[in-house]
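The following exercises concern the packing of secondary-structure elements. Please work through each one before reading its solution.

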Amino acid sequence: MVTANPLKRRGLLFVLSSPSGAGKSTIARMILGADDGIGLSVSATTRPIRAGETDGMDYHFVTNDEFDALVASGEFLEWANVFGHRYGTLKREVVKQIENGRDVLLDIDWQGTQQLKQVDPDIVRVFILPPSMEELERRLRSRGTDSGTVIASRMARAAAEISHWAEYDYVFINDDAEHCRKLVHTVLKAERLKATRRIFLHDFVRGLIG
Ligand code: 5GP
């Protein structure tokens, strides 16, 4: 008898994008807290650390020279310039987890998503929209982490980020974080069940019909 081995599976790359302030980080945190089968890819960035952030947990905060060295030695799956700072997905953050059958959540922008799609066409892309631009600005201001100038520039960039919504597989409006979390989590669970991702089915069916 052939037993189904659900561990014989490569993890999937689960990309979450949105303009800054649309609630993506909250939703990512909720999913990571509720689901043991998915881990976060901690990006490297040259942007300065913010109050409340921890190096190695929120990002690997690196200098421009360190980022250059990572690029030169081919450590990134993708990287991009966002708001004047560089951000990149480190191969080592992703490869080990997916080889162990764990899914990986990537909080990256549209540029990184496009690059990643070239590297791995099997990625799942989810985009989170704010309910309105007024609400987006209100959320950015209530964070109190950025100066007015930074908020103005992020609002200007938000429209550009949103303009890429149609490049994603799933697009949700975040007017309620818990509802949006449920939708995103439903997508993750359904994507895991796709026949193409359940590699053990090949052996199982061979056992059934030879
Ligand atoms: P923040 O500075 O607010 O943490 O992030 C700014 C933007 O950079 C967010 O839209 C976030 O998704 C994006 N970002 C974070 N890490 C990466 C990464 O590794 N690659 C790319 N392409 N974008 C990233």
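**Exercise 1.** Determine how helix H5 and helix H6 pack against each other.

*Solution.* Step 1: H5 (residues 133–143) and H6 (residues 148–162) pack at about 140 degrees, and their axes lie 11 Å apart. Axes are lines fitted to C-alpha atoms, for helices over the stretch in contact, with angles from 0 to 180 degrees between N-to-C directions. The model is predicted: local features need pLDDT of at least 70, side-chain atom pairs count only at pLDDT 80 or more, and totals for chains, interfaces and linings use all residues. Residues are numbered from 1 along each chain as its sequence is written, and side-chain values use heavy atoms, leaving out hydrogens and water.

Step 2: H5 and H6 are therefore oblique to each other (under 35 degrees is roughly parallel, over 145 roughly antiparallel, 65 to 115 roughly perpendicular, the rest oblique).

Step 3: Met133, Leu136, Glu137, Leu140, Arg141 and Arg143 of H5 meet Ile151, Arg154, Met155, Ala158, Ala159 and Ile162 of H6 (contact: heavy atoms within 4.5 Å). The residues of this contact comprise 8 nonpolar, no polar and 4 charged.

**Exercise 2.** Describe the open sheet and identify which strands stand at its edges.

*Solution.* Step 1: The sheet has 4 strands in the order S4-S3-S6-S5, with mixed pairing (two strands pair if DSSP finds at least two bridges between them; strands are DSSP runs of E, at least two residues, and helices runs of H or I, at least four).

Step 2: S4 (60–61) and S5 (76–82) are the edge strands, each with a single partner strand, so one side of each lacks a neighbour in the sheet.

Step 3: S5 pairs with S6 (residues 85–90) in the antiparallel sense over 6 bridges.

Conventions. Nonpolar A, V, L, I, M, F, W, Y, C, P; charged D, E, K, R; others polar.
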